[in-house]
Amino acid sequence: MRAVYRVLAMLIAIGVVIQAAAIAYALFDILHKTDDGQVFTKDSDNAGIAVHQVVGEMIVPLICLLLLIVSFFAGIPGGVKWAAITFGVMVLQIVLAYAGFPVPILGTLHAINAFALAAVASLAMRQARVAGTPQASTPVAA
């Protein structure tokens, strides 16, 4: 279960990187198309935005929920705490995303919080790795 915990935490951090890449692609794609004279509206198709939404609204939250569930069975000291923090930061991430539509400046907090989500997921992954390593034996005096 420790390995599952570690992999789930790693997938959350990777999910944040995928989302950052997707939203960067979306912006550059929009800029490229509008430079060519195309008009971009809320009804326009953009693969980057679609990937960002699917990963952010479905995949990462599901993995965070799985991490929290697995944390109760993994036997990792502090594992439940880090999984709960990760889950909480993910919930905040979604709240900030929806708050960013009517108040666009909150989109900057959404971006900053993404780094926090990757960080706490990485700390959870590290906690699982540290818990899984055997303790170094102390030399016995002869």
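Leaving aside its neighbours within four places in sequence, S71 is in contact with Y5, G79, V80 and A83, contact meaning heavy atoms within 4.5 Å. This is a predicted model, where local features need pLDDT of at least 70, side-chain atom pairs count only at pLDDT 80 or more, and totals for chains, interfaces and linings use all residues. Residues are numbered from 1 along each chain as its sequence is written, and side-chain values use heavy atoms, with hydrogens and water left out.

S71 lies in helix α2; helices here are DSSP runs of H or I, at least four residues, numbered from the N terminus. S71 is buried, at a relative accessible area of 3%, where buried means under 20% with a 1.4 Å probe, protein chains only.

Now the helix pairs. The axes of α2 and helix α3 (residues 79-99) come within 8 Å and cross at roughly 160 degrees. Axes are lines fitted to C-alpha atoms over the stretch in contact, and angles run from 0 to 180 degrees between N-to-C directions. That makes α2 roughly antiparallel to α3, the term for angles over 145 degrees. Among the α2 residues that meet α3 are G56, L68, S71 and F72. By class, this contact of α2 with α3 has 14 nonpolar, 4 polar and 1 charged residues. Nonpolar covers Ala, Val, Leu, Ile, Met, Phe, Trp, Tyr, Cys and Pro; charged covers Asp, Glu, Lys and Arg; the others, Gly among them, are polar.

On to the other pair. Helix α1 (residues 2-35) packs with α2 (residues 47-74) at an angle of about 165 degrees, their axes 9 Å apart. α1 and α2 are therefore also roughly antiparallel to each other. Their contact residues divide into 23 nonpolar, 6 polar and 1 charged.

Methods. Helices (H or I, at least four residues) and strands (E, at least two) are DSSP runs, numbered from the N terminus. Angles under 35 degrees count as roughly parallel, over 145 as roughly antiparallel, 65 to 115 as roughly perpendicular and the rest as oblique. Buried means under 20% relative accessible area, exposed over 50%, partly exposed in between (1.4 Å probe, protein chains only).
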